Amino acid sequence: MSFMLDVTADQPLLTGQLAVQEWTPEEVASLAEELVAYHQHFAPLFYRREQREWAALYLRGLLTTNVPRKNVEAMALRLLGVGPHAERHVRALQQFIGEGKWDDDALLAEHQRLVNETLGEADGVLIVDGSDFPKHGDHSAGVAPQWCGHTGKKDNCQAGVFVGYASRKGATLLDRRLYLPESWFAEDHQTRWQDCQIPDEITFQTKHELAAQLVEGIRASGRLQAQWVACDEGYGDSPAFLQRLDAVGLWYLAEIPRDTKVWPLLETDGQTKRALPSSWVRPQVSSRKGPAPRRARLHPDSPAKVTVEELAKQWPASRWQRFRLLEGHKGPLVADFLVLRAILPLDRLPGPEIWVVIRRKVSGSAEEPEWKFYLSNAPPETPLATFVRVSGMRWPIETCFAECKGELGMDHYELRFWRGWHHHMTMVILAHHFLVRWQQHLNQREGDPAPGDYASLAHPR
């Protein structure tokens with residue numbers, strides 16, 4: 001069994017900006033050669049020759065434009081034909097992606113090394129976000145009625161936790177994990193658990209815990225340069241998650257809800273110091289019997305906390321600075337920024353000193369919220385322009401999801417098994433990075449800026 005990775009007129013690779021109809025035959029041949037070379041980075045990581053060949057076919061199927069619905073059957077029939085062996089080919093490809101015993105972690109480790117070659121920068125940004133996949137029925141691993149970002153309501157879906165990477169050179173995805181809702185650990189789900197071949201060692205983890213685990217693994221590997229983590233308030237609202245990022249030496253810029261409370265260090269003139277909170281152990285009253293109090297509490301003379309929304313409204317216009325942001329497909333956005341130092345409460349006690357970053361939209365798309373609030377553990381000497389730049393580095397993961405779903409069949413899978421979901425997402429991640437690498441190659445050849453050229457993201461006004 002052998003699969004050719006050639007590109008023909010009736011089986012063009014890629015879509016959108018890379019439509020092969022606009023290319024010369026030499027460019028098409030070069031693309032085919034590049035895909036063969038790209039696959040060779042991963043081929044040695046499969047245990048058997050057949051797995052290597054099926055992986056090449058699956059990767060090519062995801063990248064083929066005229067397979068509108070990129071499920072296993074459609075890709076196998078389109079690329080291998082509808083002859084007498086068609087049914088056997090479909091079953092074999094289904095087995096490879098759904099149950100095949102090959103190591104996702106090894107492939108993703110090599111992928112992250114390649115991402116560092118393609119996009120890596122010392123101040124690169126890891127992006128944490130979720131992507132949900134509506135599903136009919138309840139037989140696939142992790143399917144449950146839960147919040148579905150795709151439909152904007154509680155719906156029957158699978159929920160994935162993803163980590164992406166962005167730099168001035170572009171963006172792509174790094175890793176993924178299927179979220180298993182707490183209901184799947186109940187006794188009445190044991191049959192489904194077995195039917196979906198979920199490993200016995202899987203324990204319940206929140207999305208925050210899964211995300212932290214993924215980031216910690218990437219950081220510990222040392223394969224990829226990164227200094228920042230960006231996330232929306234779905235993850236930024238967890239102090240425990242932010243503490244884990246801080247513990248591995250990463251600087252986060254995390255969106256937070258507007259009612260998040262802090263103790264600001266300065267009055268609104270930017271100079272006068274505010275009273276600071278403190279903790280204490282309440283002394284034992286002489287008339288009381290029993291052990292003396294040991295639990296630390298907020299000292300009763302501590303000042304009241306202030307919500308970040310209240311802070312935004314208190315600070316005068318003279319303290320804000322205006323920037324023009326170029327946020328990809330959303331178009332330009334003009335916004336005022338304010339940064340200030342504050343103490344973050346942890347378990348109702350004074351915690352670490354952090355940055356509060358506030359963004360107020362002046363002009364931009366109607367869908368963009370007027371206010372955004374962030375916390376950051378970056379060093380005290382960090383300039384405002386750095387926060388402005390990093391604040392615009394979360395949206396690239398949304399573009400990655402849109403490209404993966406719109407062009408690479410990320411949400412076209414029809415797989416029940418735990419392993420199959422992760423296998424499919426791994427191959428989609430590899431396919432997306434191939435597009436990023438090829439687009440970078442085209443831009444370098446033609447002298448254009450990189451597709452994710454964020455070097456001029458923030459312009460003071």
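Select F387 first. At 0% relative accessibility, F387 counts as buried; buried means under 20% relative accessible area, exposed over 50%, and partly exposed in between, using a 1.4 Å probe and protein chains only. This is a predicted model, where local features need pLDDT of at least 70, side-chain atom pairs count only at pLDDT 80 or more, and totals for chains, interfaces and linings use all residues. Residues are numbered from 1 along each chain as its sequence is written, and side-chain values use heavy atoms, with hydrogens and water left out.

**Stop 1: aromatic rings**

The structure holds 19 aromatic pairs. Rings of Phe, Tyr and Trp (its six-membered ring) pair if their centres lie within 6.5 Å. Planes under 30 degrees apart count as stacked, over 60 as edge-to-face, and the rest as tilted.

Now select F185 and W193. Their ring centres are 5.1 Å apart and their planes stand at 70°, so this pair is edge-to-face. F185 is partly exposed, with a relative accessible area of 27%. W193 is buried, at 6% relative accessibility.

W228 lies in strand β5 (residues 228-231) and F387 in helix α11 (residues 384-391), so the pair ties together parts that are 159 residues apart in sequence. Helices (H or I, at least four residues) and strands (E, at least two) are DSSP runs, numbered from the N terminus. W228 is buried, with a relative accessible area of 1%.

Next, select F133, F162, F401, Y413 and W421. They form one aromatic cluster. The charged end of K405 sits over the ring of F133, 4.8 Å from its centre. A charge sits over a ring if NZ of Lys or CZ of Arg is within 6 Å of the ring centre and within 35 degrees of the ring normal. For another such case, pick R341 and W355: the charged end of R341 sits over the ring of W355, 4.8 Å from its centre.

**Stop 2**

Select residues 153-167, strand β3. Eleven of its 15 residues are buried, so β3 is largely enclosed by the rest of the structure.

β1 and β3 pair in the antiparallel sense over ten bridges. Two strands pair if DSSP finds at least two bridges between them. Look for G130, which stands opposite V161 in β3.

Five bridges join β2 to β3, and the two run antiparallel. C148 stands opposite K153 in β3. β2 and β3 form a hairpin with four residues between them. In the turn, G152 has a positive phi of about 75°.

Finish with strand β4 (residues 170-179). It pairs with β3 in the antiparallel sense over nine bridges. A159 stands opposite Y179 in β4. β3 and β4 also form a hairpin, with two residues between them.

**Stop 3: the nonpolar cores**

Select Y58, F96, L173, M410 and M427. These have the most contacts inside the largest nonpolar core, which has 77 residues. Its largest share, twelve residues, comes from helix α13 (residues 418-446). A nonpolar core is a set of buried Ala, Val, Leu, Ile, Met, Phe, Trp, Tyr and Cys residues joined through side-chain atoms within 4.5 Å.

Zoom in on Y58. Leaving aside neighbours within four places in sequence, Y58 is in contact (heavy atoms within 4.5 Å) with V72, M75, L93, F96, I97, H424 and M427. Apart from this core lies another, of 47 residues, among them V161, Y179, A211 and V436.

**Stop 4: salt bridges**

Side chains of opposite charge can pair when their charged atoms come close. How many salt bridges does the structure hold? There are 23 salt bridges, each a side-chain nitrogen of Lys or Arg within 4 Å of a carboxyl oxygen of Asp or Glu.

Select D336 and R322. Their side chains meet in a salt bridge, 2.7 Å from N to O. The pair links distant parts of the chain, 14 residues apart: D336 is in strand β12 (residues 332-346) and R322 in strand β11 (residues 321-326). D336 is buried, with a relative accessible area of 6%. R322 is partly exposed, at 35%.

Move to D175 and R176. The closest N and O atoms of this salt bridge are 3.2 Å apart. Both residues are buried.

Last, select D129, E255, K372, R394 and E398. A network of salt bridges links them.
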